[in-house]
Amino acid sequence: MMKALKINVIDQTVTEVDYSDYEDICKNLTTSHKEVSLFTRVLIDYADYDGDAIFVDDEGLLIDNNYGFKFEGYNGVLMGNGLVLGSELGETAEPDITLDDLKKKITFLGLQKIDMSYHGFRVMPLEGGLA
């Protein structure tokens, strides 16, 4: 068992959680708002493919509204919970980023309306959320 860092978009918290295998990714990404069955990996440091990454719901933009967050240094909005894990030589590892450093890099957006069109996705705040 190893440690991972969970970004909870509904509670707006970042906490340490236990991680044992890839099935824990979907369990930690699932919220009361949306069940997660597919995920994608967003690198925290693009220069280090074998480093820390945020796992997020691969279909987080495909519903009418969802809770989101921004990560400092990533040029986009991430929808749903996030789970931060590390990687060493292609194997899952505990993340190098500390809990405190991750908290400083996260901005919670609250509930967002997601507009899908042939132009792409547009995310707009709901319930006093941030844009």
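Predicted model: local features only at pLDDT ≥ 70, side-chain atom pairs only at ≥ 80, totals over all residues.
## A walk through the fold

Next, switch to a cartoon view. You will find 2 helices and 10 strands, running along the sequence as β-β-α-β-β-β-β-β-β-α-β-β. Now colour by burial: 41% of the 131 residues count as buried. As for contacts with a separation of 6 or more, 55% of them link residues 24 or more positions apart.

Time to look inside. Select I7, I54, F69, L78, V84, L102 and I106, the residues with the most contacts inside the largest nonpolar core, which has 17 residues. Strands β1 (2-8), β4 (53-57), β5 (65-71) and β9 (106-117) each give this core at least two residues. Another core, of 12 residues, lies apart from it; A4, I25, C26 and F55 are among its members.

Go back to L102 and show what surrounds it. Beyond its neighbours within four places in sequence, L102 touches L5, I7, V14, F71, V84 and I97.

Your last stop is D52, in the loop between β3 (39-43) and β4. Is D52 buried or exposed? D52 is buried, yet it has no salt bridge; R41, the nearest side chain of opposite charge, is 8.2 Å away. What does the side chain of D52 reach? Zoom in and you will see it reach the backbone nitrogen of D96 at 2.9 Å and that of I97 at 2.8 Å. Leaving aside neighbours within four places in sequence, other residues in contact with D52 include L43, I44, L85, G86 and P95.

Terms used
Residues numbered from 1 in each chain as written. Heavy atoms only, no water. Core = buried A, V, L, I, M, F, W, Y, C linked by side-chain atoms within 4.5 Å. Buried < 20%, exposed > 50% of the residue type's maximum accessible area, 1.4 Å probe, protein only. Helix = DSSP H or I, 4+ residues; strand = E, 2+ residues; numbered from the N terminus. Contact = heavy atoms within 4.5 Å. Lys, Arg positive; Asp, Glu negative; His and termini not counted. Salt bridge = Lys/Arg side-chain N within 4 Å of Asp/Glu carboxyl O. Polar contact = N/O pair within 3.5 Å; in protein donor to acceptor, adjacent residues only side chain to side chain.
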